[in-house]
Amino acid sequence: MILFETEQAFISFMVMYGPGKEKSRSNYVSWLRYIELHYGNIYNLTESRMNNILDDLHKSSAARKIYTKKTDISNFQSAMRKYLKFLSSQKSS
C-alpha cells in the first residue's frame with residue numbers, strides 16, 4: 001500500500017497544517033487506508049479521481065456495512081483534500 005509508505009510524512013504534514021488533534025489525524029489516516037484498500041493506490045490522487053471516488057462512495061453506501069452516513073462521505077472528502085495538499089507540497093519540495 002502506497003499510503004503506508006507516505007503515512008509518517010503525511011502525519012508530520014498534518015501536525016504542521018492540521019487537523020490539530022491526534023485523534024483527528026488518526027481518523028484521516030484510517031479513512032485514506034479504507035479508500036486505498038477499496039479504490040487502489042492514492043499516491044497519484046487527483047481532484048478528478050477524488051470526485052469519482054466520492055461519487056462511487058455515495059452510490060455504494062447502501063451496500064456497505066461501515067461508512068454509510070453522509071457525514072462519512074464528508075470525512076472521506078476532507079481526508080482526500082488534505083492528502084491532495086500533502087501531495088502538492090511533496091512535489092514542490
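The following points comment on the predicted model shown above.

1. Overall fold. The protein chain contains four helices and zero strands, and along the sequence the pattern reads α-α-α-α. Its radius of gyration is 13 Å, close to the 12 Å that the globule rule gives for 93 residues, so the chain is as compact as a globular protein of that length. The C-alpha trace spans about 40 × 25 × 20 Å along its principal axes.

2. Of the 93 residues, 37% count as buried. Among contacts in the protein chain with a separation of 6 or more, 63% are accounted for by residues 24 or more positions apart.

3. In soluble globular proteins, nonpolar side chains tend to be buried together. Here the largest nonpolar core has 23 residues, and those that touch the most other members are Phe10, Leu32, Leu45, Phe76, Met80 and Tyr83. Helix 1, helix 2, helix 3 and helix 4 each supply at least two residues of this core. Helix 4 provides the largest share, eight residues.

4. The surroundings of Leu45. Leu45 is one of the core residues that touch the most other members. With neighbours within four places in sequence left aside, Leu45 is in contact with Met50, Ile53, Met80, Tyr83, Leu84 and Leu87.

5. Aromatic pairs between helix 1 and helix 4. The structure holds nine aromatic pairs. One of them joins Phe10 and Tyr83 edge-to-face, at 5.1 Å centre to centre and with 80 degrees between the planes. Since Phe13 lies in helix 1 and Phe86 in helix 4, the pair ties together parts that are 73 residues apart in sequence.

6. Phe13 is buried, with a relative accessible area of 10%, and Phe86 is buried at 1%; the cut-off for burial is under 20%. Phe10, Phe13, Tyr17, Tyr83 and Phe86 form one aromatic cluster.

7. Helix 2. This helix (residues 22–39) has 18 residues and reaches 25 Å from its first C-alpha to its last, close to the 26 Å expected at 1.5 Å a residue. Its buried residues are Arg25, Tyr28, Val29, Trp31, Leu32, Tyr34, Ile35 and Glu36. Gly40 follows helix 2 and has a positive phi, near 85 degrees.

8. Helix 3. The 13 residues of helix 3 should span 18 Å at 1.5 Å a residue, and its end C-alpha atoms are 18 Å apart, which agrees.

9. Backbone geometry in the loops. Most residues other than glycine have a negative phi, and most peptide bonds are trans. The peptide bond from Gly18 to Pro19 is cis, with omega near 5 degrees, and Pro19 is found in the loop between helix 1 and helix 2. Tyr67, although not a glycine, has a positive phi of about 55 degrees; this residue is found in the loop between helix 3 and helix 4. At 21% relative accessibility, Tyr67 counts as partly exposed.

Key
Residues are numbered from 1 along each chain as its sequence is written. This is a predicted model: local features need pLDDT of at least 70, side-chain atom pairs count only at pLDDT 80 or more; totals for chains, interfaces and linings use all residues. Side-chain values use heavy atoms; hydrogens and water are left out. Rings of Phe, Tyr and Trp (its six-membered ring) pair if their centres lie within 6.5 Å; planes under 30 degrees apart count as stacked, over 60 as edge-to-face and the rest as tilted. Buried means under 20% relative accessible area, exposed over 50%, partly exposed in between (1.4 Å probe, protein chains only). The expected span of a helix is 1.5 Å times one less than its number of residues. A nonpolar core is a set of buried Ala, Val, Leu, Ile, Met, Phe, Trp, Tyr and Cys residues joined through side-chain atoms within 4.5 Å. Contact means heavy atoms within 4.5 Å. The radius of gyration is taken over C-alpha atoms; the globule rule is 2.2 Å times the number of residues to the power 0.38.
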